[in-house]
Amino acid sequence: MTITRNGANKRMTKTDELLIRQHCDEVRRRIAQACARAGRAPEEVRLLPVTKTVAAERLRAAFVAGLTEFGENKIQEADAKAEHLADLPVTWSIIGHLQTNKAKQAVRFAREFQALDSLRLAEALERRLQGAGRGLDVLVQVNTSAEASKFGLAPEAVADFLRALPAFSALRVRGLMTLAVFDPDTVRVRACFRRLRVLRDRLRDAAPPAIALDELSMGMSGDFEAAVEEGATVVRVGQAIFGARPLPDSHYWPGEGSGVADQ
């Protein structure tokens, strides 16, 4: 398979394409089974492939395998990959913490931002979006595990935060996002997901008219089935699609702990 970018030929390995396709099929099968157990339709759940540490050329194989939407934790990594794949009709979602001084980068290429957790960041994004004449889908990040290492609003702070967001007309609020506790105890993991769903259900009717709370982004490679059973509409899956990374997260992001928990 040959893909052309800026006049140069890039040859993708059929093995990469086949493996990614097989892994995606398996993840979708598991999503469908989790939906069946929860009495839901598989179409209610969006699979967001997470590409952190995945080489841009492998993403070309992923595109050939049928993936057209990618999620990235780090804005610098996302920006570089978006530029590399600019010739392909793919969309990008930023799913990790964003500093206000990086808002300009995000506005340049991202279709969605899933980690909004401060009015200061909302202001920075709004200013850049207004200058670019465009809008951005956003999800509000909630820290349902109460871990100091994780970003996101405390659940009790979300209602007031949502009431302030209609002032930022370029931000299209679509729902909530969370990272569950990283723990082999599935009861604790499910509690994080359930906490987000209950919070969303409680806030939905009282939310300002401009605020939509339809999306619940929760669940990664190790826990997405539980997340689907608890109501996830978006699951962020990386290693189950692209394979295990050769080194632990601490090698790529020293000192960040569970704030960049494994997808």
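**Entry 1: a helix pair**

In which hand does α1 pass α2 in their crossing? I looked and found a right-handed crossing; the term applies if the near helix is turned clockwise from the far one by less than a right angle, and left-handed if anticlockwise. A reminder to myself that this is a predicted model, where local features need pLDDT of at least 70, side-chain atom pairs count only at pLDDT 80 or more, and totals for chains, interfaces and linings use all residues. I also noted that residues are numbered from 1 along each chain as its sequence is written, and that side-chain values use heavy atoms, with hydrogens and water left out.

Next I looked up the geometry of helix α1 (residues 14-38) and helix α2 (residues 56-64): their axes come within 8 Å and cross at roughly 60°. That makes α1 oblique to α2, since angles under 35 degrees count as roughly parallel, over 145 as roughly antiparallel, 65 to 115 as roughly perpendicular and the rest as oblique. Axes here are lines fitted to C-alpha atoms, for helices over the stretch in contact, and angles run from 0 to 180 degrees between N-to-C directions.

Who makes the contact (heavy atoms within 4.5 Å)? From α1 I listed D16, E17, I20 and R21, and from α2 I listed R58, A61, A62 and V64. By class, I have four nonpolar, no polar and four charged residues in this contact. For the classes, Ala, Val, Leu, Ile, Met, Phe, Trp, Tyr, Cys and Pro count as nonpolar, Asp, Glu, Lys and Arg as charged, and the others, Gly among them, as polar.

I found V107 in helix α4 (residues 103-109). V107 is buried at a relative accessible area of 6%; buried means under 20%, exposed over 50%, partly exposed in between (1.4 Å probe, protein chains only). Setting aside neighbours within four places in sequence, V107 is in contact with L125, R128, L129, A132 and R134.

E123 sits in helix α5 (residues 119-132), and I have it as partly exposed, with a relative accessible area of 42%.

**Entry 2: cysteines and totals**

I checked for disulfides (cysteine sulfur atoms within 2.5 Å) and the count is zero. C24 is buried at 3% relative accessibility, and C192 is buried with a relative accessible area of 3%.

For the whole protein I noted 10 helices and 10 strands, taken as DSSP runs numbered from the N terminus (helices H or I, at least four residues; strands E, at least two). Of its 263 residues, 51% count as buried.

Conventions
Contact = heavy atoms within 4.5 Å.
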